[in-house]
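Visitor: I would like to learn how to read a model of this kind, feature by feature. Please give the general idea each time, then the case at hand.

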Amino acid sequence: MSEEWRLFKNLRRSVSTAEGLAVDDTLPQSVARNNSPPILHLYTFVPSVIVGKYQDIEAALRLERCKAHGIEFNRRSTGGGTVIMGPEIVALGLGINVDHPRLKKGVGGVFQSLSLVLLRALDKVGIEAYFQPKNDLEVNGRKIAGLSAASEADNCLLFHTSLLVDFDIALMTDIMNTPVIKLEDKGYNCFSQRMTTVRDELGRKVSVTEMIAAIQNSFEEEFSIRFKEDSPDEWEEKTIQGFIEERYTKDEWIFSHRHPRARMGVGQLKTKGGLLEIYLALSGASIESVLVTGDFFSTSEDLHRIENALKWTSARRENIENNIASVWHENMIYGVDVPTLTKAILLAKENQVRL
Amino acid sequence: MAEIKGYNMPDELFYHEEHSWAKVEGTRVTVGMTDMFQKEAGDIVFIDLPEEEDEVSQGETCGKIQSRKWIGKLVAPVSGEITEINEEMEEDTGLINTDPYGDGWILVIEAEDEDELQSELKNLIHGDAVRDFVDREIAKAEEEKAKAE
């Protein structure tokens, strides 16, 4: 008989950030301390924006714009960057022991295992996506889902992802404090070239319910398990309430200063292939994100691949060069080579200013 | 320096299963993360450290380490008081990657009592057992790879 996991499925209403994130934080705790099998939580949030555990929220977001739009903001307990959530974006929380036999080992292995489930779910609705190392799922060079995780109690893990069924790019541009704002001034929205949604890909109105069912079935097939629909027990309810009160409604958590210094820089370099214009977001000594733009010749898929290889990596010259080289192919950016692109990124790094 | 299957695992150190290492000098214990950890995790982008003067127990999670979009744990290999934090880490956590046993040290724990420390060290991986530990960790990953294929 196949193993039984628990499923907390909430299709009734979109939840507040405090409620959704508190339930997610409870999942690995319950697996570690409440003798629970793995728990999958599938749900949607009210319109909101959520930063990674170690992000500077005031640097990442334009909080006044969030308030003006009535968008909630909060901080999750897993890594990574800013995500926009809402009633048309599937939120997924999974609590599981890292030693679960069906889970591949190591940081890369776990991300890969969970990616396979999501790829299968996308395939079920008719989308051919692929894993873009190290943490994204893409369709034709555009991001459709991102993954993040945290090791929690004992050997248990909280895994987070969000899957874009539909998405408001204009809203994202307005509330995020990124170099995109400057790009927008030039009438160019880089998000639209780098992100896609289930509805954009299929050209039909796929419901969140359909997508959630596809994810549920994909877990059952990929892990050879079956789900029992369930709701939090008494111990879990108490833990959820604790997280809501002590964490997700507290300014000390939401505006936490336990994060690297956020800085941003722009670098311009004239090359044989054209002008390279680099927008670099730095988190301490690491690259949080980079946008490669300019008037050179390349494809958005190739640019995204380069940008992805640099996300959440060290901003040292040799690391930048090695990470670009790891995905580089000839004429990836026509007339530009790896040392030249590295030089442009280092120029952006030199020009960094505090946000 | 001992290199085991491509991983640098210095002989004189004691290792916790969660990949923190301990360098023992009397009751002063310097702590960092292993070469195997940093190779697996990739570039370390942030480390959330405890405060000096905090008391920690052996096996307790005393810090968090972010690489990629994963937040991992720094587990105290021994009990005692945290007496020093590597302040260089605030500027460049990449030191864990470039020099895990040197400039990439993370903190110092001062053990209260040498006898207690000696008995705790017996719970850690040291000497010949290190090779088995590395073999076990590699085997886990290979088993999974084989299963996947």
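**Contacts and cores**

Guide: Start with one residue: V90(A) touches L42(A), T44(A), S162(A), L163(A), V165(A), V208(A), M211(A), I212(A) and I215(A), leaving aside residues up to four places away in sequence. Two residues are in contact if their C-beta atoms, placed from the backbone, lie within 7 Å. The model is predicted: local features need pLDDT of at least 70, side-chain atom pairs count only at pLDDT 80 or more, and totals for chains, interfaces and linings use all residues. Residues are numbered from 1 along each chain as its sequence is written, while chains are lettered from A and ligands numbered from 1 in the order in which they are written.

Visitor: Which residues touch the most other members of the largest nonpolar core?

Guide: In soluble globular proteins, nonpolar side chains tend to be buried together. A nonpolar core is a set of buried Ala, Val, Leu, Ile, Met, Phe, Trp, Tyr and Cys residues joined through C-beta atoms within 7 Å. Buried means that 20 or more other C-beta atoms lie within 10 Å of the residue's own; exposed means 12 or fewer, and partly exposed is in between, with C-beta atoms placed from the backbone. The largest core has 116 residues, and V90(A) and M211(A) touch the most other members. Helix α4 (residues 106-124) of chain A gives the largest share, eight residues. Apart from this core lies another, of 26 residues, among them L276(A), I287(A), I320(A) and A344(A).

Visitor: Why does K104(A) count as buried?

Guide: K104(A) counts as buried because it has 20 C-beta neighbours inside 10 Å. K104(A) is found in the loop between β6 (89-97) and α4 of chain A.

Visitor: How many residues of chain A are in contact with chain B?

Guide: 29 residues of chain A are in contact with 23 residues of chain B. On the chain A side, β9(A) gives the most, with five residues. Two bridges join β9(A) to strand β9 (residues 70-75) of chain B, and the two run parallel; strands pair if DSSP finds at least two bridges between them. A149(A) stands opposite W70(B) in β9(B).

Visitor: In what order do the six strands of the open sheet in chain B lie?

Guide: The order is β3-β4-β5-β11-β10-β7 (chain B), with antiparallel pairing. β3 (14-15) and β7 (55-56) of chain B stand at the edges, each with a single partner strand, so one side of each is left without a neighbour in the sheet. Strands β4 (residues 20-25) and β5 (residues 28-33) of chain B pair in the antiparallel sense over six bridges. E25(B) stands opposite R28(B) in β5(B).

How values were computed:
Helices (H or I, at least four residues) and strands (E, at least two) are DSSP runs, numbered from the N terminus.
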